[in-house]
Amino acid sequence: MSDEQPKAGLSRRAFLQGSGIAAAATALPTLAPVADAGPVEQAGNPPNVPAHGPGAVKITLNVNGRDMGTAVEPRVTLLDALRNHLDVTGCKRVCDRGTCGACTVMLDGKPIYSCTMLAIEAQGKPIKTAESLVQGEKLDAVPAAFVRYDAQQCGFCTPGFVVAMKAVLEQNPKATPAEIEKGLQGNICRCGTYEQMRDAIYALCNRKRS
Ligand code: FES
Ligand code: FES
C-alpha cells in the first residue's frame, strides 16, 4: 500500500479517484507501443531481445555428437523435442515437472531435467542422453555395472540414473560417498533398487560400502 496520505481538504474518495487516474495515465504510454508493435513483441521484453513463435521455429540440437534439426513451438521442452521430434527416447517422461529425474540428460557436461528446459534454450550446447552410453553391443562402464549388480527392476528410471551417475563419475572417477549420494538424490526409483545402484557405483569407484 502507498504511504501517500490524502492532502488536507481533499476527501478520501476524491484522493483515490485522483490517484487512479494518475496511475492509468502513467501506465498507458507503456502499454500503447506494445499494441502497435505487432504479434512478436511481448509486454516487458527488453529491446533487442528477439521473441519467437508462437508457431514452430527451426532449431538445431547437438545430441550425442550429432547436429539434429527440427521445428518446434517455443513452448516445447527439451524432453518433448528429443522424444517426439528427434526420436531420441532414452530420456523418459514421468512427472514432467522436475521431480523424478527420469528425463535426465547431460547438457554441457551437467545433468539436467530435460522436462524443465525449453528446447530452443538448449541450442549450442552438447546434449548427451542415455543412448550415448552404448556403442553397438558395447555398454559404457556405468550401465554395464548396473547390469552386473542387478540395479534395475522395471528399468523405467534406469536411463535417468545412468546419465546422472555418468555425470558424477565424469566429475570425479573416484567419487566420494558424499558425491555418490548427491548424484543419486535427483532421481527416484519406484522399484527401490537404490542399494544395488550404490553397489554398482561404489564398485566402479573401487570403494567398499560401509
Ligand atoms: S520427467 Fe522430468 S523430472 Fe520427472
Ligand atoms: S527400476 Fe523400476 S522405477 Fe527404477
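On a 1 Å grid over the protein atoms alone, a pocket is an open set of points where a 1.4 Å probe fits, with protein on both sides within 12 Å along at least five of seven lines, and its lining residues have an atom within 4 Å of a point. The structure examined here is a predicted model, in which local features need pLDDT of at least 70 and side-chain atom pairs count only at pLDDT 80 or more, whereas totals for chains, interfaces and linings use all residues. Residues are numbered from 1 along each chain as its sequence is written, and side-chain values use heavy atoms, with hydrogens and water left out.

The largest pocket is lined by 17 residues, and P111, A167, V168, K182 and G183 lie nearest its centre. Two or more lining residues come from each of strand 4 (110-113), helix 4 (158-171) and helix 5 (177-185); helices (H or I, at least four residues) and strands (E, at least two) are DSSP runs numbered from the N terminus. The volume of the largest pocket is about 460 Å³, taken as the space filled by probe spheres set on grid points that are joined across faces, edges and corners. Its lining comprises seven nonpolar, seven polar and three charged residues. In this scheme Ala, Val, Leu, Ile, Met, Phe, Trp, Tyr, Cys and Pro count as nonpolar, Asp, Glu, Lys and Arg as charged, and the others, Gly among them, as polar.

Helix 4 and helix 5 also pack against each other, at an angle of about 145° and with axes 9 Å apart. Axes are lines fitted to C-alpha atoms, for helices over the stretch in contact, and angles run from 0 to 180 degrees between N-to-C directions. In this pair, F161, A164, M165 and V168 of helix 4 meet E179, I180, G183 and L184 of helix 5, where contact means heavy atoms within 4.5 Å. Six of these residues are nonpolar, one is polar and one is charged.

Helix 5 in turn packs on helix 6 at about 135°, the axes being 11 Å apart. The two helices are therefore oblique, a class for angles that are not under 35 degrees (roughly parallel), over 145 (roughly antiparallel) or 65 to 115 (roughly perpendicular). P177, I180, E181 and L184 in helix 5 meet M197, R198, I201 and Y202 in helix 6. This contact has six nonpolar, no polar and two charged residues.

Helix 6 (residues 194-204) likewise packs with helix 3 (residues 141-148), at about 130° and with axes 8 Å apart. Helix 3 is thus oblique to helix 6. Here A141, V142, A145 and F146 in helix 3 meet M197, A200, I201 and L204 in helix 6, a contact of eight nonpolar, no polar and no charged residues.

Key. Chains lettered and ligands numbered in written order.
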